Amino acid sequence: MTATTTQAARAADAPASKNAESALPTHAKVPSRIPGPRPTAGVPFARLTHVELRKMLDTRAGRWLLLGIGAVIAVALTIMFFNGGGQHAFVEYLQATTMPMALILPVVGILTVTSEWSQRTGLVTFGLEPRRIRVAWAKTLAALVVGVCAFALSLVLAAVAHQSAITFRGITGDWSVDALVLLGAGGYVLLGIAQGVGFGMLFKNTPAAVVVFFVLPTAWSILGSMVSWLRDAAVWLDLNQTMNPLFEGSLTGQQWAHLATSVTVWVLAPLAVGIWRLTRAEVK
């Protein structure tokens with residue numbers, strides 16, 4: 001006999017209410033306590049981050065996005081390998097590997113947040129870990145880990161492609177790269193995926209977050225370059241424009257201030273407001 005059957009039998013033996021339409025017990029039977037030790041600590045943050053990493057990569061959408069990034073990079077490197085006799089510097093191959101990652105990886109960051117609402121996994125996620133701020137930070141850290149791994153992979157692919165061109169095409173190798181250029185390439189990938197997580201937390205809806213992520217910065221860049229009275233503001237607030245000196249390998253103090261301002265507006269502010277909304281949103 002199961003526990004449910006036993007409880008039903010006990011409920012049937014209890015005295016019924018006189019005013020009830022059916023034979024209901026007057027007093028509800030409290031189920032017995034589950035035996036065993038009680039947990040004394042919450043879910044470890046490392047485990048939360050590991051779970052968010054798996055949720056980011058072990059889904060059909062995540063796999064297809066990663067395959068799409070790989071396909072775009074393969075096409076770009078193949079074109080560079082045969083175009084112009086393969087005579088391209090390592091930095092140019094690095095740009096070919098980092099650009100697709102910087103453009104498409106943010107969608108993976110968006111999906112890691114919005115899937116909690118679109119796939120209704122938030123009921124489980126926030127049920128197992130009610131402290132939502134820890135879940136938000138775990139998602140952000142997992143996205144940054146993916147970004148670091150993606151940038152490391154882009155360096156390896158660029159080096160392999162450049163060395164292949166040296167070996168098989170007979171080009172003159174050019175491995176020179178400035179530290180600021182590496183910082184700019186890595187920052188472009190990491191800031192993009194962090195911005196994607198922020199927009200995902202801000203909107204909690206995949207179509208809205210993806211459209212706003214791509215349309216709003218692009219529209220601002222276009223307006224900043226076309227409208228004269230917006231050009232001064234665009235120098236401070238256009239993330240694409242403020243990151244250009246990084247790729248050129250030289251930044252002045254004022255340009256660092258421009259970069260910090262644009263990162264605050266487009267990355268840190270969406271993350272802050274998104275985390276605030278995530279901790280207060282109703283989960284259905």
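How many residues does helix 6 have, and how far does helix 6 reach from its first C-alpha to its last? Helix 6, residues 132-169, has 38 residues and reaches 54 Å, close to the 56 Å expected at 1.5 Å a residue; the expected span is 1.5 Å times one less than the number of residues. Just after helix 6, G170 takes a positive phi of about 70°.

The model is predicted: local features need pLDDT of at least 70 and side-chain atom pairs count only at pLDDT 80 or more, while totals for chains, interfaces and linings use all residues. Residues are numbered from 1 along each chain as its sequence is written, and side-chain values use heavy atoms, with hydrogens and water left out.

**The chain**

The chain has 11 helices and 0 strands. Here helices (H or I, at least four residues) and strands (E, at least two) are DSSP runs, numbered from the N terminus. Of the 284 residues in the chain, 37% are buried, where buried means under 20% relative accessible area, exposed over 50% and partly exposed in between, with a 1.4 Å probe and protein chains only. Among contacts (heavy atoms within 4.5 Å) between residues at least 6 apart in sequence, 73% join residues at least 24 apart.

**A buried residue and the core**

V146 lies in helix 6 and counts as buried because its relative accessibility is 11%. Leaving aside residues up to four places away in sequence, V146 touches L53, M56, L105 and I193. The C-alpha atoms of V146 and V189 are 9.8 Å apart, although 43 residues separate them along the chain.

In soluble globular proteins, nonpolar side chains tend to be buried together. A nonpolar core is a set of buried Ala, Val, Leu, Ile, Met, Phe, Trp, Tyr and Cys residues joined through side-chain atoms within 4.5 Å. The largest such core has 54 residues, of which Y93, L105, M201, L239 and L259 touch the most other members. Two or more residues each come from helix 3 (60-82), helix 4, helix 6, helix 7, helix 8, helix 10 and helix 11 (253-278). Helix 4 gives the largest share, 11 residues. Beyond residues up to four places away in sequence, the contacts of M201 include V113, A136 and L278.

**Pocket and cavity**

On a 1 Å grid over the protein atoms alone, a cavity is a set of points where a 1.4 Å probe fits but cannot get out, and a pocket is an open set with protein on both sides within 12 Å along at least five of seven lines; lining residues have an atom within 4 Å of a point. Grid points are joined across faces, edges and corners, and a volume is the space filled by probe spheres set on the points. In the table, Ala, Val, Leu, Ile, Met, Phe, Trp, Tyr, Cys and Pro count as nonpolar, Asp, Glu, Lys and Arg as charged, and the others, Gly among them, as polar.

| Space | Volume | Lining by class |
|---|---|---|
| Largest pocket | about 330 Å³ | 11 nonpolar, 5 polar, 1 charged residues |
| Largest cavity | about 30 Å³ | 4 nonpolar, 2 polar, no charged residues |

Of the 17 residues lining the largest pocket, Y188, Q195, F213, P217 and N240 are the closest to its centre. Helix 8 gives the most to this lining, with 6 residues. The largest cavity is lined by L94, Q95, T98, V181, A185 and F247, and helix 4 and helix 7 each give two or more residues to that lining.
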